[in-house]
Amino acid sequence: MEYLELFLSFMKIGFTSFGGMSMIPLILEEMQTHRWMSAEDLTNLVAIAEMTPGPLGINCATFAGMQTAGVPGGIIAVTGVLMPAFTLTLLVAVFFTKFRKSRLMEKIMSYVKPICIAMILAVILTLSRENYITDGKPDLIGIGIGLGMLYLIQKRKWSVPKVIGCSAGLGVILYGMIFRMPVL
């Protein structure tokens with residue numbers, strides 16, 4: 001019975017939250033309602049979930065489930081929190097496959113694609129302003145590194161991890177020289 005309650009609690013959290021920090025109040029409520037964890041345990045749970053790699057909701061579900069019912073509880077809690085996303089994704093995939101060739105779907109996709117591209121461009125512009133403009137002036141070093149990395153990815157076909165490492169190294173060296181900050 002505890003496994004079923006654990007599954008249903010985390011499925012409810014998965015359906016009613018939007019991931020990340022928005023899950024914490026719901027997890028807190030469920031854990032205290034069922035008396036599975038104390039407030040102190042939950043504080044530790046969030047701290048551990050934040051420190052470990054991976055999505056916060058899945059980490060919280062893993063730790064809360066294991067604290068409540070051991071390894072099976074962890075598996076059940078993660079399954080519960082992932083069930084909504086899995087179900088919705090599966091439904092979308094089924095309907096998309098079924099209606100992919102329909103005129104209505106083609107019409108919808110003709111609107112969705114440009115909207116997605118516009119959203120991605122908006123994010124790129126926002127991040128570019130944040131990263132390439134300092135005190136109202138263009139950051140020429142940052143722009144140079146960005147353009148250099150774009151060249152390496154597009155023309156030289158470097159892998160993303162290699163480009164990230166290269167740009168980090170260049171940033172440390174170039175900004176360290178200009179601002180005379182100690183290079184570690």
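## Stop one: the cysteines

Search the whole structure for disulfides (pairs of cysteine sulfur atoms within 2.5 Å) and you get zero. This is a predicted model, where local features need pLDDT of at least 70 and side-chain atom pairs count only at pLDDT 80 or more, while totals for chains, interfaces and linings use all residues. Residues are numbered from 1 along each chain as its sequence is written, and side-chain values use heavy atoms, leaving out hydrogens and water.

Select Cys60: it is buried, at 1% relative accessible area. Cys116 is partly exposed, at 37%. (Buried is under 20%, exposed over 50%, partly exposed in between, with a 1.4 Å probe and protein chains only.)

## Stop two: helix H2

Now pick residues 23-33, helix H2 (helices are DSSP runs of H or I, at least four residues, and strands are E runs of at least two, numbered from the N terminus). Which residues of H2 are buried? Met23, Ile27, Glu30 and Met31. On the face turned away sit exposed Pro25 and Thr33.

## Stop three: Asp139

Jump to the loop between strand E2 and helix H6, where you'll find Asp139. Its side chain makes a polar contact with that of Tyr175, at 2.5 Å (N or O atoms within 3.5 Å, one able to donate a hydrogen and the other to accept it; residues adjacent in sequence count only if both atoms are side-chain atoms).
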